[in-house]
Amino acid sequence: MPALFVTGTGTDIGKTYVSCALIRALKARGAVVDAFKPVVSGFDPRDAAGSDPARLAAALGAPGDVFRIAPRRYRAPLSPNIAARLEGQALVLDDMVIDAVARAAELRDGLLLVEGAGGVMSPLTDGETNLDMIAALGAPVLLVAGSYLGTISHVLTALVALRAAKAEVAAVVMSESLDAPDLAQTAQALAPFLEDVPLFLAPRADAWNAAALADHLLNLLGTS
């Protein structure tokens with residue numbers, strides 16, 4: 001399946017920032033790429049242009065694709081299952097998996113970035129997490145972490161959960177946290193614990209160049 005699941009060690013740590021940079025780098029290499037966010041909460045329809053799906057759409061060069069990228073949108077800035085319940089709906093994991101598989105199939109030799117909501121163990125439904133969706137898709141994972149104090153523990157805990165679910169971890173990206181310890185120093189401390197998982201650094205520049213990450217993923221996943 002030509003898909004990559006982008007998840008994080010928590011929420012608001014830079015998943016969309018990393019995804020957008022990766023999309024730009026893949027497109028610069030002539031790769032076919034698309035994005036899919038199975039569910040998004042905290043979505044204000046009055047400010048759709050400022051949402052994470054809008055940022056993904058802009059990176060793809062298709063600013064009108066917000067609703068196609070994120071078909072399930074809820075207002076409350078809560079876990080998706082709770083936000084959906086407040087609007088009288090219930091999320092079903094199988095529905096989200098089916099949608100992701102169908103979207104990936106449309107790309108053939110391209111790559112679909114499936115961006116989860118929150119962290120690896122964040123709930124998607126009343127009884128299932130992002131990890132359950134990763135396992136159901138069987139897609140490799142791009143794990144995004146921050147550089148804040150405590151992030152090493154969070155990364156290693158997330159890796160334990162992913163490996164227990166037999167998920168392939170394609171790479172870890174450390175996205176620079178504001179007012180946090182030095183990015184390179186934190187990454188240097190983390191690297192010895194990652195075994196054979198490559199680590200990439202994403203400084204909070206206006207336009208982080210994800211060329212090295214794109215090259216790694218294209219080589220690993222064999223996409224064009």
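The protein chain contains nine helices and six strands. The model is a predicted one. For a chain of 224 residues, a compact globule would have a radius of gyration near 17 Å, and the 16 Å found for the protein chain agrees with this. The largest pocket holds about 600 Å³ of space.

**Overall form**

- Taken along the principal axes, the C-alpha atoms of the protein chain fill a box of roughly 45 × 35 × 35 Å.
- Buried residues account for 52% of the 224 residues in the protein chain; a residue is called buried when its relative accessible area is under 20%.
- Of the contacts in the protein chain between residues at least 6 apart in sequence, 76% join residues at least 24 apart.
- The protein chain has an accessible surface of about 10100 Å², and carbon and sulfur atoms contribute 53% of that surface.

**The largest pocket**

- Rolling a probe the size of a water molecule over the atoms shows where empty space is left.
- The space in the largest pocket amounts to about 600 Å³.
- The lining of the largest pocket consists of 29 residues, and those closest to the centre are T11, D12, S41, D52 and G118.
- Two or more lining residues come from each of the elements α1 (15–28), α2 (52–60) and β3 (111–119).
- By class, the lining of the largest pocket comprises ten nonpolar, ten polar and nine charged residues.

**Two residues with positive phi**

- R108 is a residue other than glycine with a positive phi, near 55 degrees.
- The position of R108 is in the loop between α5 (93–107) and β3.
- R108 has a relative accessible area of 70% and is therefore exposed, the cut-off for that class being over 50%.
- E195 is likewise a residue other than glycine with a positive phi, in this case near 60 degrees.
- The loop that holds E195 runs between α8 (183–190) and β6 (199–202).
- Because its relative accessibility is 65%, E195 counts as exposed.

**R73, a loop residue**

- R73 belongs to the loop between α3 (66–69) and α4 (80–86).
- The relative accessible area of R73 is 30%, so R73 is partly exposed; this class lies between the limits of 20% and 50%.
- With neighbours within four places in sequence left aside, R73 is in contact with V40, F43, F67 and E87.
- Eleven residues separate R73 from A84 in sequence, and their C-alpha atoms are 8.3 Å apart in space.

**D132, a helix residue**

- D132 is part of helix α6, which spans residues 130–137.
- D132 counts as partly exposed because its relative accessibility is 34%.
- Apart from residues up to four places away in sequence, D132 touches L93 and G127.
- The C-alpha atoms of D132 and M121 are 8.6 Å apart, and the two residues are eleven apart in sequence.

Technical notes:
Residues are numbered from 1 along each chain as its sequence is written. This is a predicted model: local features need pLDDT of at least 70, side-chain atom pairs count only at pLDDT 80 or more; totals for chains, interfaces and linings use all residues. Side-chain values use heavy atoms; hydrogens and water are left out. On a 1 Å grid over the protein atoms alone, a cavity is a set of points where a 1.4 Å probe fits but cannot get out, and a pocket is an open set with protein on both sides within 12 Å along at least five of seven lines; lining residues have an atom within 4 Å of a point. Grid points are joined across faces, edges and corners, and a volume is the space filled by probe spheres set on the points. Helices (H or I, at least four residues) and strands (E, at least two) are DSSP runs, numbered from the N terminus. Ala, Val, Leu, Ile, Met, Phe, Trp, Tyr, Cys and Pro count as nonpolar, Asp, Glu, Lys and Arg as charged, and the others, Gly among them, as polar. The radius of gyration is taken over C-alpha atoms; the globule rule is 2.2 Å times the number of residues to the power 0.38. Buried means under 20% relative accessible area, exposed over 50%, partly exposed in between (1.4 Å probe, protein chains only). Contact means heavy atoms within 4.5 Å. Accessible areas come from the Shrake-Rupley method with a 1.4 Å probe; for residues, only the protein chains shown count as cover.
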